[in-house]
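Q: Please take me through the spaces and helix contacts of this model, and set each label against its definition.

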Amino acid sequence: MINETVLIIGANGQLGSVLSEELQKIHGKDNVIASDIYSNSTFDGVFEIIDATDLNAIENIVNKYAVSQIYHLAAILSAKGEANPLKTWDLNMSMMLNVFEVSRTNNVKKVFFPSSIAVFGDKAPLENTPQSAFLNPATVYGMSKVAGENWAQYYFNKYELDVRSIRYPGIIGYQSMPGGGTTDYAVEIYHSAVKQEKYSCFLNPETKLPMIFMDDAIRSTIELMQAPKNSIKTRTSYNLGSMSFSPSEIASEIQKLYPNFKVEYNVDFRQEIADKWPKSINDDQAREDWNWKPKYDLKSMTVLMLEKLEEKYNTSTLK
Ligand code: AKB
């Protein structure tokens with residue numbers, strides 16, 4: 001077991017809820033402090049309510065538990081963010097800067113800050129998008145991630161704060177639901193299939209986007225955080241590739257196991273966001289620097305998603 005005390009901000013979210021449990025296995029239950037703005041009665045471990053827009057609230061918890069690592073996962077995502085651009089900017093920026101500043105002034109040794117494929121816009125190549133492509137995001141969420149990446153690099157260069165970051169593709173897992181993103185359809189579609197409902201997809205059938213299975217997303221995060229400091233050459237954020245597919249491709253994969261499953265297409269404003277994002281990602285840098293290698297593809301992920309969701313619904317909702 002590694003002797004660290006870890007704070008997760010945004011532990012109730014899609015990634016945070018799964019990552020908190022994985023970090024408990026690595027650091028021990030008492031050394032993982034899960035936190036969010038709302039309480040969580042189902043979390044089995046130490047939980048604190050933190051409003052991350054309040055610097056003192058973060059600092060109190062960091063000092064209370066002598067926190068040595070922070071995973072800052074709280075943010076308003078791409079689709080939801082467009083409903084209130086100024087609030088999104090304000091929240092995403094203030095939470096991120098509070099985390100960096102508290103870490104700098106309270107001896108926190110490592111910080112994880114998630115970035116996203118949303119940093120790319122129409123000036124980046126759509127296929128095999130390189131690490132160093134021009135960044136002109138079209139959403140406020142993407143703008144806040146580009147700014148966050150630059151602040152991460154600034155805190156590393158100026159204060160030697162060891163901030164590490166990944167540009168996540170859409171994350172797909174059976175354990176938790178996403179909220180407010182453009183890639184959310186790829187989780188919802190599996191739930192509809194298992195519940196034997198027709199799925200109404202908000203992106204058009206040919207919209208190819210980069211995605212990753214939750215197990216790979218968690219493993220990438222932990223591997224990056226455990227990598228030797230001198231191997232981390234990119235201090236903005238690492239491109240992370242895994243799989244790429246469109247709604248029609250995921251639907252066909254599901255139909256191999258659920259032949260009666262149907263999808264209808266009711267495209268909305270999220271299409272415009274997706275059209276500016278990469279279709280596939282070049283992650284050579286992550287592979288070189290900290291040996292990143294994905295394990296799951298669309299086929300193996302689909303088998304597992306359907307199996308696990310069947311278990312979930314058979315023992316609760318459907319019965
Ligand atoms: C979103 O769709 O906003 C997120 C992301 C790709 O960052 N899932």
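A: About 1100 Å³ of space lies in the largest pocket, a volume being the space filled by probe spheres set on grid points that are joined across faces, edges and corners. The model is a predicted one, in which local features need pLDDT of at least 70 and side-chain atom pairs count only at pLDDT 80 or more, while totals for chains, interfaces and linings use all residues. Residues are numbered from 1 along each chain as its sequence is written, and side-chain values use heavy atoms, with hydrogens and water left out.

Q: What makes a space a pocket, and which residues lie nearest the centre of the largest pocket?
A: On a 1 Å grid over the protein atoms alone, a pocket is an open set of points with protein on both sides within 12 Å along at least five of seven lines, and its lining residues have an atom within 4 Å of a point. The lining here comprises 48 residues, and Leu73, Ala74, Ala75, Ile76 and Leu77 are those nearest the centre. At least two lining residues come from each of H1, helix H3 (78-81), H4, strand S5 (110-116), H5 and strand S7 (170-172), and H4 gives the largest share, 4 residues. By class, the lining divides into 24 nonpolar, 18 polar and 6 charged residues; Ala, Val, Leu, Ile, Met, Phe, Trp, Tyr, Cys and Pro count as nonpolar, Asp, Glu, Lys and Arg as charged, and the others, Gly among them, as polar.

Q: What makes a space a cavity, and which residues line the largest cavity?
A: A cavity is a set of points where a 1.4 Å probe fits but cannot get out, and the structure holds 1 cavity of 30 Å³ or more. The volume of the largest cavity is about 40 Å³, and its lining consists of His72, Ala74, Ala75, Asn92, Met96, Phe113, Ser144 and Lys145. Helix H4 (85-105) and helix H5 (140-159) are the elements that give two or more residues to this lining.

Q: Why is H1 called oblique to H7?
A: Helix H1 (residues 14-27) and helix H7 (residues 214-226) pack at about 55 degrees with their axes 10 Å apart, which makes H1 oblique to H7, since angles under 35 degrees count as roughly parallel, over 145 as roughly antiparallel, 65 to 115 as roughly perpendicular and the rest as oblique. The contact (heavy atoms within 4.5 Å) includes Leu15, Val18 and Leu19 of H1 and Met214, Ile218 and Ile222 of H7. Its residues comprise 8 nonpolar, 3 polar and 1 charged.

Q: How do you know whether H4 and H5 are parallel or antiparallel?
A: The angle between H4 and H5 is about 15 degrees, with the axes 10 Å apart, and the two helices are therefore roughly parallel to each other. Among the residues in their contact are Trp89, Asn92, Met96 and Phe100 of H4 and Ser144, Ala147, Gly148 and Trp151 of H5. This contact has 14 nonpolar, 4 polar and 2 charged residues.

Q: What is the relation of H6 to H8, and which residues meet?
A: The axes of helix H6 (residues 185-194) and helix H8 (residues 247-257) come within 11 Å and cross at roughly 30 degrees, and H6 and H8 are therefore roughly parallel to each other. Tyr185, Ala186, Ile189, Tyr190 and Ala193 of H6 meet Pro247, Ile250, Ala251 and Ile254 of H8, a contact with 9 nonpolar, no polar and no charged residues.

Technical notes. Axes fitted to C-alpha atoms, helices over the stretch in contact; angles between N-to-C directions.
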